[in-house]
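Please look over the sequence and the structure below. The report that follows goes through them part by part.

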Amino acid sequence: MSSSQSSPPAFQTALLAGALAGTTVDLSLFPLDTLKTRLQSAQGFFASGGFRGIYRGVGSCVIGSAPGAAFFFVTYETTKSLLAPPHLVGTTTGDTKQAELSGKGTGGLSPGVTHGVAASLGEIAACAVRVPTEVIKQRAQAGQHGGSSLSSLQHILNQRGAIGLTGVWRELYRGWGITVMREVPFTVLQFPLWESLKKWGRERRQRTGRGLFGDSARGKDDKDVSAPESALYGSLAGGFAAALTTPLDVLKTRIMLSERREGVVSVVKGIWRDGKEKSGSGLRPFFSGIGPRVMWISIGGAIFLGSYQSVVNAFEGTKQTKGTGELSL
């Protein structure tokens, strides 16, 4: 294997990088997420808390961010390796390696399809952690149950006598379907675009000998984009995907905050009816909170994918250093 080739990120690397990236972005941008949730609430922005208590629900965020993001990236990287053409396995680090032909890869999928499928499966895996966390977090953010994550969780658990264990489980996973419906289109837009921008960045580096931010901002062994470059591409891809999927996000928020379980069709009709009554436009409420959402995810995409790239580059650089006995900066 040539020196320009290396293996995909190890399982432990993807696990740790994803966990650190998820925790960093969720905690740093939590206030914007709270404002977005209150704008989308059926009770209205100020009735849900306005600008007060913007860190309500942060406890559930602290607990759920790391495992959710780790689940995503482990599934994402593994699926990419399995679905890539047998002769070439592309990774988030930008490297390639000769794949074993024994059962590895389908050999027929384009990079865009591979990245889209991998991201979709990653989001479905992450939702196993994300949905209960979101239910508890958003109820606290909207001021329900005293604005406390613990009280919101206890309220759900205390219903066991009336609805049984299965009912409690369904309540914790309320909005699972619409969350997946939101996340899959979002990632199908975001991650292939991010990977395409990174590919463009790597090709540009090969042509010019410089990264987008100069020679000082390098990826590992100059084969991949640097963390700041990945952050820029993540911000552009995230903001674009966020704007287009805002209606799905509004639906998810309304379903999770409703006092009783409602179907998606019923919620859609209710939002449309409220919009016609309040503003004369049934479509307008579906884009409630689009400003904070695009801002939050644009900044979040930069922090999330920049942090992930930084950790991966650092870990892969350390492995290169151990293999060559030279210091890799």
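## Charged pairs inside

Glu123 counts as buried, at 7% relative accessibility. Buried means under 20% relative accessible area, exposed means over 50%, and partly exposed lies in between (1.4 Å probe, protein chains only). Glu123 forms a salt bridge with Arg130, and their closest N and O atoms are 2.4 Å apart. A salt bridge is a side-chain nitrogen of Lys or Arg within 4 Å of a carboxyl oxygen of Asp or Glu. Side chains of opposite charge can pair when their charged atoms come close. Arg130 also meets the side chain of Glu183 in a salt bridge, at 3.6 Å from N to O. Glu183 lies in helix H7 and Arg130 in helix H4, so this pair ties together parts 53 residues apart in sequence. Glu183 is buried too, with a relative accessible area of 7%.

Lys36 and Asp249 form another salt bridge through their side chains (3.1 Å, N to O). This pair links distant parts of the chain: Lys36 is in helix H2 (residues 30-40) and Asp249 is in helix H9, 213 residues apart. Are these two residues buried or exposed? Lys36 is buried, with a relative accessible area of 1%. Asp249 is buried as well, at 0%. The whole structure has 14 salt bridges. A network of salt bridges links Asp33, Lys36, Glu123, Arg130, Glu134, Lys137, Arg182, Glu183, Asp249, Lys252 and Arg293.

## Model and overall layout

This is a predicted model: local features need pLDDT of at least 70, side-chain atom pairs count only at pLDDT 80 or more, and totals for chains, interfaces and linings use all residues. Residues are numbered from 1 along each chain as its sequence is written, and side-chain values use heavy atoms, with hydrogens and water left out.

The protein has eleven helices and zero strands. Helices (H or I, at least four residues) and strands (E, at least two) are DSSP runs, numbered from the N terminus. Of the 329 residues in the protein, 49% are buried. The protein exposes about 14900 Å², and carbon and sulfur atoms supply 63% of that area. Accessible areas come from the Shrake-Rupley method with a 1.4 Å probe; for residues, only the protein chains shown count as cover.

Now take contacts, meaning heavy atoms within 4.5 Å. Among contacts with a separation of 6 or more, 73% join residues 24 or more positions apart.

## The nonpolar cores

A nonpolar core is a set of buried Ala, Val, Leu, Ile, Met, Phe, Trp, Tyr and Cys residues joined through side-chain atoms within 4.5 Å. How many residues are in the largest one? It has 29, and those with the most contacts inside it are Phe72, Phe73, Tyr76, Phe191, Phe304 and Tyr308. Six helices each supply at least two of its residues: H1 (11-28), H3 (58-83), H4 (111-141), H7 (176-208), H8 (227-244) and H11 (290-324). H11 gives the largest share, seven residues.

Apart from this core lies another, of ten residues, among them Ile156, Val168, Tyr173 and Val180.

Helix H8 has 18 residues. From its first C-alpha to its last, H8 reaches 26 Å, close to the 26 Å expected at 1.5 Å a residue. The expected span is 1.5 Å times one less than the number of residues. Buried residues of H8 include Ala227, Glu229, Tyr233, Gly238 and Ala242.

Thr13 lies in helix H1. Thr13 is buried, with a relative accessible area of 4%. Thr13 touches Val312, Phe315 and Glu316, leaving out residues up to four places away in sequence. Thr13 and Ala70 are 57 residues apart in sequence and 9.8 Å apart in space, C-alpha to C-alpha.

## Two loop residues

Where is Ser258? Ser258 sits in the loop between helix H9 (246-257) and helix H10 (264-278). Ser258 is buried, with a relative accessible area of 13%. Its side chain reaches the backbone oxygen of Ile255 at 3.0 Å. Ser258 is also in contact with Arg139 and Arg174, leaving aside neighbours within four places in sequence.

His145 lies in the loop between H4 and helix H5 (149-157). His145 counts as partly exposed, at 30% relative accessibility. Phi of His145 is near 55°, a positive value in a residue other than glycine. Most residues other than glycine have a negative phi.

Conventions:
A polar contact is a pair of N or O atoms within 3.5 Å; within protein, one must be able to donate a hydrogen and the other to accept it, and residues adjacent in sequence count only if both atoms are side-chain atoms.
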